[in-house]
Amino acid sequence: MDTGSSRSPAPVHQPATERTAAAGSPYHAALSLERIEARVYRCPIERPVTTSFGTMADRPMMLVRLLADDGACGWGEAWCNFPGVGAEHRARLVDSVFAPIVTSRRFESPRALFEELTRATAVLAIQCGEPGPIAQSIAAIDLAAWDLVARRAGTPLWRLLGGTSDRVAVYASGLNPDGPERLAVERRVAGHTRFKLKIGFGEGRDLENLRALRRALGSDATLMSDANQGWTLAQAEAMVSKLAPFDLQWLEEPLRADRPWHEWRQLADASPVPLAAGENIAGRNAFEAALSSGALAVVQPDAAKWGGISGNLDVIADVAAAGRRYCPHFLGGGVGLLASAHLLAGTGGDGWLEIDANPNHLRSLLEGPIAVIDDGTAVLGDSPGIGIDRLPAEIERFRIRY
């Protein structure tokens, strides 16, 4: 059982930029890149993953592999859950847009690579109306670059980033609206103590699912909810008081991510449940606006969706300085999950790592030590980088030739 609550501001931790600057080398680890490779995987699933805005009929994964001229390599993953052809599209962006920029170039650090890729494609992102897919492709490359420099240094990424412990608190995410208590009980048996339910499917269904979770898990279980941008301000205001009896740690994305922050603040002032968001925020300035609003108790940047590690380090430091809780968002394969875990462990704080509760071979074949959860905690270990040397042979049956 958690003794703390996101209702109270998280402790202010030393900003990541200050802590890691002392470590020195990560921010001056040059990369001379010889090759970049994109790979697409799709895993069939028995039960679709349902959200308030759409359904995933299978589980996709788009990976990037970077190879340096000294033989060092690294793995990264891009968010690509929607639309249905998202993984293939982002892979083609890597091949056609980013490979010519990256190949046979020297960059002074992963951050320098991130900044150059962002600068070089800024106008293209506007012109083609695709800032999201371009940012997600850059994020995958950045994650691969950080894995590469950590592997080359022979140290786990969490330690390279300045972390002092390889233990991360976790929660089971993605509990669907159809009988969520069954999956939650399975995850509890596997060691989870925290659970997040998808809501936004109608008041009656949402509340009954929360009641079912409380009956199945008991009062000691930590519960959160995610509306996936499913409500208007009026609908959210009508709903929040009805969520209060379930003692939720947060209500995630009750409003559309593009709604003005004064609406979020109005809802936060009326809500007995703290608000969370961040997976659909991109750019440090946008996160600063979110923090300045005072509406969010929990901030959830997704390193595979925007920013990778280079872009998010400053954001995480800002979150800590504002006294808010950083809980990385992630829903995808094992590479992105491991990178998110190392970023959380490397930057400190008391946040929780999101682990999808639904079956997904693209996660389970790659998640390594995160497969073992003990009393709501995972231990990352000391393997170099994010801990993946090479992909297991079993995963090749899911590879797509795009």
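**Reading the features**

Mentor: Start with helix H10 (residues 261-270), where Trp261, Glu263, Trp264, Leu267 and Ala268 are buried. Buried means under 20% relative accessible area, exposed over 50%, and partly exposed in between, with a 1.4 Å probe and protein chains only. Helices (H or I, at least four residues) and strands (E, at least two) are DSSP runs, numbered from the N terminus. This is a predicted model, in which local features need pLDDT of at least 70 and side-chain atom pairs count only at pLDDT 80 or more, while totals for chains, interfaces and linings use all residues. Residues are numbered from 1 along each chain as its sequence is written, and side-chain values use heavy atoms, with hydrogens and water left out.

Trainee: Why do the buried residues of H10 line one face of the helix?

Mentor: The general idea comes first. An α-helix has 3.6 residues a turn, so residues three or four places apart point the same way. In this case, the buried residues of H10 fall within an arc of 155 degrees seen down the axis, so they line one face of the helix. The arc is that of the directions from the helix axis to the C-beta atoms.

Trainee: Which exposed residues does the face turned away from the buried side of H10 carry, and what do the buried residues pack against?

Mentor: The face turned away carries His262 and Asp269, both exposed. On the buried side, the packing partners are helix H9 (233-243), strand E9 (275-277) and helix H11 (284-293). Contact here means heavy atoms within 4.5 Å.

Trainee: How is a cavity told from a pocket?

Mentor: On a 1 Å grid over the protein atoms alone, a cavity is a set of points where a 1.4 Å probe fits but cannot get out; a pocket is an open set with protein on both sides within 12 Å along at least five of seven lines. Lining residues have an atom within 4 Å of a point. Grid points are joined across faces, edges and corners, and a volume is the space filled by probe spheres set on the points. A search of the whole structure finds 2 cavities of 30 Å³ or more.

Trainee: What is the volume of the second largest cavity, and which residues line it?

Mentor: Its volume is about 40 Å³. The lining consists of Glu253, Ala257, Trp261, Trp264, Ala277, Gly278 and Ile281. Trp261 and Trp264 are also among the buried residues of H10. Ala, Val, Leu, Ile, Met, Phe, Trp, Tyr, Cys and Pro count as nonpolar, Asp, Glu, Lys and Arg as charged, and the others, Gly among them, as polar.

Trainee: What is the volume of the largest pocket, and which residues are closest to its centre?

Mentor: The largest pocket has a volume of about 570 Å³. It is lined by 30 residues, of which Leu183, Ala357, Asn358, Pro359 and Asn360 are the closest to the centre. Two or more lining residues come from each of strand E1 (31-50), helix H7 (180-189), strand E12 (352-356) and helix H14 (361-364). E1 gives the largest share, 7 residues. The lining divides into 14 nonpolar, 7 polar and 9 charged residues.

Trainee: Which residues are closest to the centre of the second largest pocket?

Mentor: That pocket has a volume of about 310 Å³. Of its 23 lining residues, Pro131, Gly132, Ala135, Ala282 and Trp306 are the closest to the centre. Helix H3 (110-120), helix H4 (122-128) and helix H5 (131-153) each supply at least two lining residues, and the largest share, 6 residues, comes from H5.

Trainee: Is Asn81 buried or exposed, and what does its side chain meet?

Mentor: Asn81 is buried, with a relative accessible area of 7%, in the loop between strand E3 (73-78) and helix H2 (86-102). A polar atom of its side chain lies 2.8 Å from the backbone oxygen of Leu331. Leaving aside neighbours within four places in sequence, Asn81 is in contact with Met56, Pro60 and Leu331. The loop between E3 and H2 also holds Pro83, and a cis peptide bond joins Phe82 and Pro83, with omega about -10 degrees.

Methods. Polar contact = N/O pair within 3.5 Å; in protein donor to acceptor, adjacent residues only side chain to side chain.
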